[in-house]
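Please go through them with the structure open.

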Amino acid sequence: MHNHMIFNHQKDFESAEDFLHFFQNHHFFKTNNIWEANAIGRGGHIYRGQANADWLLKPTVFRKPDALRNYTPQIAGEYSGKNKLMWLGFHLQSEIRSVLIFLETADKLGIETPLDYSKVKEHYELISSAMNQNEYDYSTAFPCQRYLEDMALAQHHGIPTRLLDWTESPLIACFFAALGASSVTPDEFRVESSHISVICLNTQNLKESDDLMLVRAPRHRNNFLRIQKGLFTHIQNANSYFLENEEWPSLESVVQNSAKLSGSLKKYRLPSTKSDDLLRLLFDYHITKYEMMPTLDNIAQSHAYARLLFK
């Protein structure tokens with residue numbers, strides 16, 4: 001898979017100033033008329049920051065076979081190349097169950113969630129058919145439309161799902177790209193990479209595609225999601241793709257295989273050594289770790305954050 005076939009525009013930058021200036025001033029991301037003013041994201045784009053520019057755009061639950069090990073009692077494990085349908089059934093069950101455990105636990109503690117067991121039941125026939133290796137229309141939407149909100153809420157609180165995080169703000173994407181590779185992140189958790197990147201996705205093309213959809217969870221009950229201007233993408237044909245290719249899709253593979261999504265992706269890179277410089281510039285826009293994720297623990301560390309950046 002060659003990047004020039006997938007990314008409509010790519011550019012490397014040498015300084016954090018030029019990197020940030022590009023997103024603030026390039027015509028790609030300008031709002032030029034009333035139609036664009038009502039669109040999702042600046043210039044009809046949404047953005048994703050990655051601490052390693054070489055990472056594929058792959059949802060967390062598709063990246064590692066044990067991604068759900070800490071969230072549900074039973075996981076599918078690594079695919080062995082045998083009993084493809086049965087393995088898929090166990091994987092789907094673990095995806096649904098991990099979100100359900102999250103919602104049930106929050107509910108028991110008196111925290112409001114969109115918990116509704118009727119949504120869970122909508123997946124039983126699909127999962128049971130796969131586990132028993134029966135004939136079924138495996139292109140059926142998964143999860144069902146009503147469960148996407150539940151999954152989005154879980155995803156934003158760290159449960160691996162098949163949704164991919166994006167933001168409507170290119171500056172917030174710059175922050176998340178820089179944070180993981182910066183000196184603010186402790187050595188044991190810091191991402192080792194040559195470049196960080198911000199990926200831009202043109203949402204206008206999604207209207208014509210059945211392969212990729214936008215998912216938005218209500219922000220009024222999710223403070224982080226509201227502050228981060230967060231939303232998600234969902235690869236709708238992921239199960240069919242797995243059954244055909246025996247691997248999970250990345251967003252790059254979806255764009256590559258869809259004429260309607262051609263030209264949707266752009267990628268911009270900055271050397272990882274410039275991550276601290278970028279965070280210092282974003283500091284003056286009130287884009288910091290404690291303002292993007294305003295927990296009392298992060299707020300308590302606000303001076304330490306500034307001290308690391310401006311030492």
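Contact here means heavy atoms within 4.5 Å. The model is a predicted one.

Q: Which elements do the buried residues of α2 pack against?
A: Helix α2 spans residues 16-25, and its buried residues are Ala16, Phe19, Leu20, Phe22 and Phe23. They cover an arc of only 150° around the axis, which puts them on the same side of α2. The elements that these buried residues pack against are β1 (7-12), α9 (170-179), β4 (195-202), β7 (265-271) and α13 (275-283).

Q: How are α2 and α13 oriented to each other?
A: Two packed helices are described by the angle between their axes and the distance between the axes. For α2 and α13 the angle is about 50°, and the axes are 8 Å apart. Angles under 35 degrees count as roughly parallel and 65 to 115 as roughly perpendicular. The two helices, α2 and α13, are therefore oblique.

Q: How many charged residues does the contact of α2 with α13 have?
A: α2 passes α13 in a right-handed crossing. On the α2 side the residues are Ala16, Glu17, Phe19 and Leu20, which meet Asp277, Leu278, Leu281 and Leu282 in α13. By class, this contact has six nonpolar residues, no polar ones, and charged residues numbering two.

Q: Is α5 roughly parallel or roughly antiparallel to α11?
A: Helix α5 (residues 84-108) packs with helix α11 (residues 238-245) at an angle of about 150°, their axes being 10 Å apart. Angles over 145 degrees count as roughly antiparallel. That makes the orientation of α5 to α11 roughly antiparallel.

Q: How many nonpolar residues are in the contact of α5 with α11?
A: The crossing of α5 and α11 is right-handed. Lys84, Leu85, Trp87, Leu88 and Leu92 in α5 meet Asn239, Phe242 and Leu243 in α11. These residues divide into one charged, one polar and, as nonpolar, six.

Q: What handedness does the crossing of α5 and α7 have?
A: The axes of α5 and helix α7 (residues 124-131) come within 6 Å and cross at roughly 145°. The crossing in which α5 passes α7 is left-handed.

Q: How many polar residues does the contact of α5 with α7 have?
A: From α5, the contact takes Leu85, Met86, Gly89, Phe90, Leu92, Gln93 and Ile96, and from α7 it takes Leu126, Ile127, Ala130 and Met131. By class there are nine nonpolar residues and no charged ones, and the polar residues number two.

Q: How many of the nine residues of α8 are buried?
A: Helix α8 covers residues 148-156 and is largely enclosed by the rest of the structure. Its buried residues are Leu148, Asp150, Met151, Ala152, Leu153, Ala154, Gln155 and His156. Just after α8, Gly158 takes a positive phi of about 100°. The number of buried residues in α8 is eight.

Q: How far apart in space are Asn33 and Leu243, C-alpha to C-alpha?
A: Asn33 lies in the loop between α2 and α3 (34-37). With a relative accessible area of 34%, Asn33 is partly exposed. Asn33 and Leu243 are 210 residues apart in sequence, and their C-alpha separation is 43 Å.

Methods:
Residues numbered from 1 in each chain as written. Predicted model: local features only at pLDDT ≥ 70, side-chain atom pairs only at ≥ 80, totals over all residues. Heavy atoms only, no water. Buried < 20%, exposed > 50% of the residue type's maximum accessible area, 1.4 Å probe, protein only. Helix = DSSP H or I, 4+ residues; strand = E, 2+ residues; numbered from the N terminus. Arc of directions from axis to C-beta. Axes fitted to C-alpha atoms, helices over the stretch in contact; angles between N-to-C directions. Left-handed = near helix turned anticlockwise from the far one by under 90°. Nonpolar A, V, L, I, M, F, W, Y, C, P; charged D, E, K, R; others polar.
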